[in-house]
Structures are given as structure tokens and as C-alpha cells.
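Have the sequence and the 3D view open as you read.

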Amino acid sequence: MIPILRKLGRDLPAMLGLGIVLVVLVIAILGPLLAPYPEDAAAAHLLRRLKPPSAAFPFGTDNLGRDIFSRVILGARGALSIALTVVSTAMAIGVPLGLIAGYRGGWLSETIMRVTDVVLAIPQLVLALALAQLMSPSIESAMLALSLTYWPFFTRIVYAETRRLSASLFVDALRGIGASTPRIVFLHILPNAISPVIVRATIGLGFTILVAAVLGFLGMGATPPAPDWGLAIAESRTYLPRAWWYATFPGLAILITVMGFNLLGDGLRDIVDPRLRRSR
Amino acid sequence: MLRFVLRRVALVLPSLAGLLVVTFLLIHAVPSDPAVAMAGDAATPEQIERLRKQYGLDRPIWEQFAVYLGKVATLDLGESAFTRRPVARDIVQRLPATLELTFCALALSVFIGVPLGVMAGLKHNTWPDYLLRVFSVLGIAVAAFWFAIMLQLLFSMQLGWLPLRGELDVSIARPTRVTGFLLLDCLIAGRLDAFADAARHLVLPAVTLSLGGLATIVRFTRAGVLDTLQHDFVFYERAMGYRRLRLIWIYVLRNSVTATVTQIGLLFGGLIAGGVVVEAIFDWPGIGSYTVQAILTGDRQVMLAVTLLVGTVYAGVNILVDVVHGLLDPRLMERT
């Protein structure tokens, strides 16, 4: 753990990413304490509608007079919890399937990998939209749809790692001394295969925030009056070009958050897999 | 060569079969009963039963699957609940607009992204390289729908340089539909005024859509060039006195773009998916805005048809990517 952190410390973009991720995390946890107008998650103040940025409202106010700065802060919790739920659900499905397919072989492995191929053969957003639409539009449907379309990425990574590891000498040795299959797979193969999974999950968090914002924008995720970034941008369109601040700041919040996860993920990948080094 | 292509096609077939199963299951494995959904809230049990019979929903599932396969094979994709027209006809009418937009975006990404990537690789660790790296990080992280709105805000609403939405101004008569591709149709009809207007309408959506791809291509080309420059053949050719331009744009580039070509293939899927939102924002009359309309009106037939279409196109592009790989690196073809 310590050498990884030391390597990460030398990678300036990755440190920037880590910084952004930590800040967003703190904002998500302490949101209501940090926001100047925490009640603006739901309240409406029609007397101060669509005010441009000022000292009292750094990002201006929206069509219901709510402080956009507060709502951007409050939106971090929603964005992160969607991303964390989706990625951990996808991992919970994808990683075991990859382990089984990679270690067992045979028809079961074939079936799992063919299903993986099929799901990967459709762009994630399109499949997620189709799924979310078949369920009733809500934040839960959106999360389920995103999880059900994201697990194959993990299956494929874990499958490749498990295949490689299960042919290695130490696994042979373990079999030789009579270790049980679950013990080999979960205690010995999984820890060795987990690094690329963590890299993928980090980048996946950013990616999921982006796709979830699209779903929110299309009205298939968060519902008003939730302080959702994608939803806010959708609502702002009626008030353009007058209220430029309404659309601008939630979008910047998405951009910075996603960039943070991407930079951190890239940095971690450089450490885990030096062959894929992005910058020399 | 032919064997190589056929082998690639054969490898994709299971995915296509799976695609059919997935789309079929999407209708039948969802918790809600499709007949109930179609009939609406005020339907009597008899009406629902009649719908169930009419659509064959009372028959065993494998029989329904066979019927579904037959329909897909004859390109009968059902009727849109919203437009009340056959989905296949809507798609044929709207597909050219989407393809036009996608190809323009792809062309922008490739013809700007590859040279920039080569430049970043050659000027490695100087300020143009840093600038391009920052750009490629931002380009991947930006939400396309937000970027589109920002472009509209600046270039259409504030500066008034480019049209806000649509593919042709209402005051300009559409040329007769020959190919369905508006730009081509304008040229065929000899209507340069309409061509110029259509091109102006294309700028913002194409730029928005190309952004993510541009960033990815810059990044992979840069990495490819950096990697190729380490090879001995570059030192050799440099020592032999090859002209720098020829060396870089022919020998280095050819060896650097393999990863980029894979990315372009993957991008195509991303472009189709990204097009959904971009088309909706710019009112582009293609498959994307059709999809958003279907989402908003709960039009299942359309959603399924679009999923099927996108999956098929994606599979086709993957075959194409493999073939291009084979052409760039003939060793791949001999191995199979």
C-alpha cells in the first residue's frame, strides 16, 4: 500500500485527481452543512428568481429562486451514491462471474463469456435507456439499468486475469497440497486479480456519473425537486440565454468530478500495469 | 483475405444471435405485462385478453420467439405507438440524417485528432503536448449534452453565428429526397444555397459529437507515436536520410495507428449512443431524437428496434475494424 501511494505522489495529474475525488467526497458527506442555503434542496423563493451570480448567490439562482451554489453542493451526494451503488453492484455481479468463467472452463464458462460479449456488443447508454424505460422511470430503475449494463466490463477483466493465474505454478502447488477450490479462488486468485478491477472501478465511477447525468437530463433518473446535476441542466434550457449561469455551473460540477476520477484511474493504471503507461 | 473477412463475420454471428435474444427478453422478461401496458390504465380484463391474443402473447415463449425471429428477418419491426407508422419505415427515413451527423463527427475526430496526436507525440513533454493532454482529459470528462448547450448559448444565442437547431432553415425549401443525405441531395439538386445552410446547421452538432472521440484519438495516437519512435527502424531510416515528413507521416504513422483504429471502432458505438442526446438537443431529425421521443412517450417497439439496429451496426463496425487491422498489419491475416 505504501509504495503505491509513493508512486502516486510522484504523478502530478493523479494527485490532482485524488485531490478532486477527496474534495467531492467531503462535499458529498458534509453537503447540508457546507451549503449556504441547505433548505434550497426543496424550498422555493419566487421573489429572487433567476438572479445572476452575486456575493449572496455565487452561482446565481434558478427559476424557483433556489441558490444554485447550494444545489450543486447538495447534488454531489446523489451523484456519488448513484455511482458507488452502480459500480459496486456491477462488481458484485461481474467479479464472481469472471472468477467462475476463468477458473472452471467448459460450457459454463462459454455461456458466461458469450452473454458478456452480447451485452458489450450494445453501447451501454442505449441498452441502459431501453432497460430504464421498460421499468418505471425513477432513480432506482436508472441505477438498476446502469448496473445491469456495466457488469460485463468487470467479468471480462477478471476472466482474463483468472485464466492467466490459474495456469500459474503457485495455483498448481496449492492444488497439490489439497487446497479447496473456493480457498484457491477467493483467497489466492482474487487478491492477485483485483488491481485491474480497482482501476476499472475508479474510471467507472466517473463514467457512471456521466451516464447517470444523461439519464437525469432525459428525465429517466432523479425527479424534481431533487438537486441533481443532469436534471438541473435539463430544467435550465427553458431559461436560456437569459440565465446562462443556470446551465453552466451544474455542468462544470459534472466535468470536474468526472475528470477527478479519470485522472486518478489513469494514475492507478500506470502503477498497476506499466505496459499501458500513458505518459513517459 | 476473403477467408479472413469471412472468419471475422462468423465470429460476430453469436453476438448477433444473442442480441436477438436480449431484445426479445427485454419485452418478455420485464416485470410489467406488455398487454397491460399497451392497453392503458382504463382497460377491462377482456380488452387486455384480446390484445394478448392479437399479439400472440398467450402462446408459449419459444413459439413467440420464433414469431419474433420471423418478423425481424422480414424487417417487420412493429408499429410505433406514437407515430402510428411502421418502425422500419421511420428508421429508414431517419437513418441518413444520423449517419450524416455521425460521419461528419467521426471525420472531424480523425482528421483533427490524428495530426494533433502525432504532434503531441513528436513534441513530447513540451507545452503543446501538455496542452493537448489537458484537452484530452477534459474532452473525455465533459458531458456532451452540457457542452452542446454551452455551444448553443455562445454561438447561436449570444453571437448569432450559427443556427440553434434543426438541419435546414424553415425559409429554405428542402431539395427532393434522393439519397436521404441532405448534403448530398442539395448537391444533386444543384442547390448551393441549401447546401451552405445545411452545412451551417451541421457544425454545432458535429463538433459536440466529435469532442469525446477527438480526445480519445489524440490520446491513443500520441501513445502510439511515442511507442513507435522507440523502434530501431526509425533510427535506421533517419540515418539513411529519409525526409522527416515522409518518415513521420508514412512509416511512423502506419505503425502507430493500430490502437487508434480499434478506438475509432469503439468510438462509432459511442457516437451512436452520444448522438441520442446531441440529436435531441439540436432537434436533429435522426434516430437519436426518435429514440428520445420514444423514451418520453414510452414507445417500446421503437426502443427495441433502435437497440437492435445499434447492436447490428456496432457488430458491422467491429468486423470493419478487424479488416482494417489486417490491412495495416498483414501478419494478423496470416495467423488466422
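Predicted model: local features only at pLDDT ≥ 70, side-chain atom pairs only at ≥ 80, totals over all residues.

Residues are numbered from 1 along each chain as its sequence is written, while chains are lettered from A and ligands numbered from 1 in the order in which they are written.

Let's start with pLDDT, the predictor's confidence in each residue, from 0 to 100. Chain A averages 85, and 96% of its residues score at least 70. Helices here are DSSP runs (H or I, at least four residues), numbered from the N terminus.

| Element of chain A | Residues | Mean pLDDT |
|---|---|---|
| helix 1 (lowest) | residues 2-10 | 73 |
| helix 3 (highest) | residues 68-104 | 91 |

Next, the chains meet: 37 residues of chain A are in contact with 41 residues of chain B (contact means C-beta atoms, placed from the backbone, within 7 Å). On the chain A side, helix 4 (106-120), helix 5, helix 8 and helix 10 each give two or more residues. Helix 10 of chain A provides the largest share, nine residues.

Finally, look at helix 6 of chain B (residues 127-141). Its 15 residues should span 21 Å at 1.5 Å a residue, and the end C-alpha atoms are 21 Å apart, which agrees; the expected span is 1.5 Å times one less than the number of residues.

Note on methods: Contact = placed C-beta atoms within 7 Å.
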